Each structure stands twice: as structure tokens, then as C-alpha cells.
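This briefing covers a structure of paired chains, to be read alongside the coordinates.

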Amino acid sequence: MSILQNPLGIHATALKLREQRIGVLASNIANVDTPNYKARDIDFSSVMATTESNNMRTSHGRHIGVSNYQALQGDSMIKYRMPSSASLDGNTVEVNTENSLFTENSMRYQATNTFLNNRIKGVMSALRGE
Amino acid sequence: MSMLTALKISSSAMTAQMVRMNTTASNLANMDVVGTTSEQAYRAKKPIFKTVMETHTNSNFEASVKVNGIHVSDRANTKRYDPQNPAANDDGYVFMSNVNSIEEMVDMTNASRSYQTNVEVMNATKKMMMATLQLGK
């Protein structure tokens, strides 16, 4: 696939998924004191793998492709986290874990942002032909 | 959009923690309030947190938090012999509040830590949103 047909590549899907993960991790951190709340997370690599295999190729101009985006809508990608120690109120959020994952996720989000930026710059310079 | 929801979730948590802080403040302020009967004495209050699923999207994994009510402690009020006290009953006893100051201090520290964490989440989310808004510039 040429860079002009799909200028953003896999990074657009990755950004969308990173963004959804922010919501999940923010929920965990918000509910740190709620009894019986179970911490959840998105397994990034496995969801990315399914979106790649679900990405239907079209061989004719009138075919309707299934976009990566639709694969990201289901609840199946959400998994419950296994806590390293149980708490009496049934809450499985561990603030340190959630905090470090949130930071990691935002670093990776910024990396994806940089990739996207470079892609856009590449396309722009190709279009200008300077 | 998921990131705006993240801001909403963090703000709901901050509101909830603020309610917790307020109940702690009330409890500590009323710690020395005495009553003639057990019913008149102050009883410690505690907020009850509950998870609320965000339903505006078709994927239900974003959960904010709300205060589902205030629980009034049913721990027995201790009785103290103090016949000089104007609130003393016929036998010379007053009823103390059932606030445990150590418990309240721990609660206060916890609430302020949780509040801080949510502020940090909000800041990080804002930075990420700004970076995306600048995309391609």
C-alpha cells in the first residue's frame, strides 16, 4: 500500500486504541476508593493483532471495506486485571500499577503522535515536490 | 471522544474525593460535641462511593464515580461522667461523639492523595489532547 493511498498507516488505529486506553485507565484511577470495583485494561498488542487481521482488502472499486475502526468498538477487548494482593473491600485497583501504566500509555501515545506527524510531513513534502 | 470522557471521569473522582474531605472536616470539627442522650451526640459521617458506567458510547468500559449517599456511623457513643457539664443528664453523664480521630486523619490523607492522582491524570490527558490538536503543524 503506498503512502499516498493510506497516508496514516497503522498509526491512526494505534492512536485510537491508545486514546481508549486512557479512558479505561482513568476509570481505574477514579474508582480507587470504590468498594467492589474491578480494575480493567485493554491488551494493546492482542487488539492490534485482531484489527490487522480483520482489515479486509478490497479488490474492486465497488467493494465496501471493513475498516480497522469498527473492530475497536467491541467490549471483548476489555479484560480484568489480576491484582497482586487482595483487598478487603473487593476493589482490585492498585494505584501504583495504574499510574505507571497510565504514564507508559501516554508516552506511547506521544510516540504515535510523532509518527503521525512525520507521516503527514512526508506526504506534504511529496505533494509539494520541493 | 474517549479523552474528553477521561477528563469527565477524573473530575467525577475529584468531586467524590472532595465530598469525602468535607465529611472528614465535619467529623473532626464536631468531634467534641456532646449530647444529653445518645441520639443527640454527633455521629461520624462517611460517603459511600459507587461506580457509574458511562453509557454514551457503545463500549461500556469507562466508569466514573459518584457519591451514592452518606453513611452515618452506628458505632456506640461513649458515655462520660461529667456532672458539671450543662448537657449532663440526671445521672451526670454526657454522651460523646463517636468520631475516631485517627480514622479520620487516615481518611483525610487518603482522600487528598486520590485527589492529587486524579489531577495528574487530568493534566496528562490535557497535554496529550493538545499534542493531537497540533498534529501536522
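In helix H2 of chain B, the buried residues are B:Asp107, B:Ala111, B:Ser114, B:Thr117, B:Asn118, B:Val121, B:Ala124, B:Thr125 and B:Met128. A residue is called buried if 20 or more other C-beta atoms lie within 10 Å of its own, exposed if 12 or fewer, and partly exposed in between, with C-beta atoms placed from the backbone. This is a predicted model, in which local features need pLDDT of at least 70 and side-chain atom pairs count only at pLDDT 80 or more, while totals for chains, interfaces and linings use all residues. Residues are numbered from 1 along each chain as its sequence is written, and chains are lettered from A and ligands numbered from 1 in the order in which they are written.

**Helix H2 of chain B**

- The buried residues of H2(B) pack against helix H1 (11-30) and H4 of chain A, and also against H1 of chain B.
- Helices (H or I, at least four residues) and strands (E, at least two) are DSSP runs, numbered from the N terminus.
- H2(B) has 33 residues, and its first and last C-alpha atoms are 48 Å apart, close to the 48 Å expected at 1.5 Å a residue. The expected span is 1.5 Å times one less than the number of residues in the helix.
- An α-helix has 3.6 residues a turn, so residues three or four places apart point the same way.

**Contact between the chains**

- Chain B gives 30 residues to the contact and chain A gives 29 residues. Two residues are in contact if their C-beta atoms, placed from the backbone, lie within 7 Å.
- On the side of chain B that touches chain A, two or more residues come from each of helix H1 (2-29), strand E1 (45-53), strand E2 (63-72) and helix H2 (101-133) of chain B.
- H2(B) supplies the largest share of that side, nine residues.
- By class, that side of chain B has 13 nonpolar, 15 polar and two charged residues. Here Ala, Val, Leu, Ile, Met, Phe, Trp, Tyr, Cys and Pro count as nonpolar, Asp, Glu, Lys and Arg as charged, and the others, Gly among them, as polar.
- A:Ala30 touches B:Ile9, B:Ser10, B:Ser12, B:Ala13, B:Ser64, B:Val65 and B:Asn118, not counting residues up to four places away in sequence.

**Nonpolar cores**

- A nonpolar core is a set of buried Ala, Val, Leu, Ile, Met, Phe, Trp, Tyr and Cys residues joined through C-beta atoms within 7 Å.
- The largest core has 30 residues, of which A:Leu25, A:Ala26, A:Ile29, A:Ala30 and B:Ala13 touch the most other members.
- At least two residues of this core come from each of H1 and H4 of chain A and H1 and H2 of chain B.
- H1(A) gives the largest share of this core, nine residues.
- Another core, of six residues, lies apart from it and includes B:Ala41, B:Tyr42, B:Ala44 and B:Phe95.

**Chain A**

- Chain A has four helices and two strands, in the order α-β-α-α-β-α along the sequence.
- Of its 130 residues, 30% are buried.
- Among the contacts in chain A with a separation of 6 or more, 75% join residues 24 or more positions apart.
- H1(A) is largely enclosed by the rest of the structure, because 17 of its 20 residues are buried.
- A:Arg119 is in helix H4 (residues 95-128) of chain A and counts as partly exposed because it has 19 C-beta neighbours inside 10 Å.
- Leaving aside neighbours within four places in sequence, A:Arg119 is in contact with A:Pro7, A:Leu8, A:Gly9 and A:His11.

**Chain B**

- Chain B has two helices and four strands, in the order α-β-β-β-β-α.
- Its radius of gyration is 22 Å, well over the 14 Å that the globule rule gives for 137 residues, so chain B is more spread out than a compact globule. The radius is taken over C-alpha atoms, and the globule rule is 2.2 Å times the number of residues to the power 0.38.
- The C-alpha atoms of chain B fill a box of roughly 80 × 25 × 20 Å along the principal axes.
- B:Gly92 lies in the loop between E3 and strand E4 (93-95) of chain B, and its C-alpha atom is 59 Å from that of B:Ala124.

**Confidence**

- The model scores ipTM 0.78 and pTM 0.80.
- Chain B has a mean pLDDT of 90, with 96% of its residues at 70 or more; pLDDT is the predictor's confidence in each residue, from 0 to 100.
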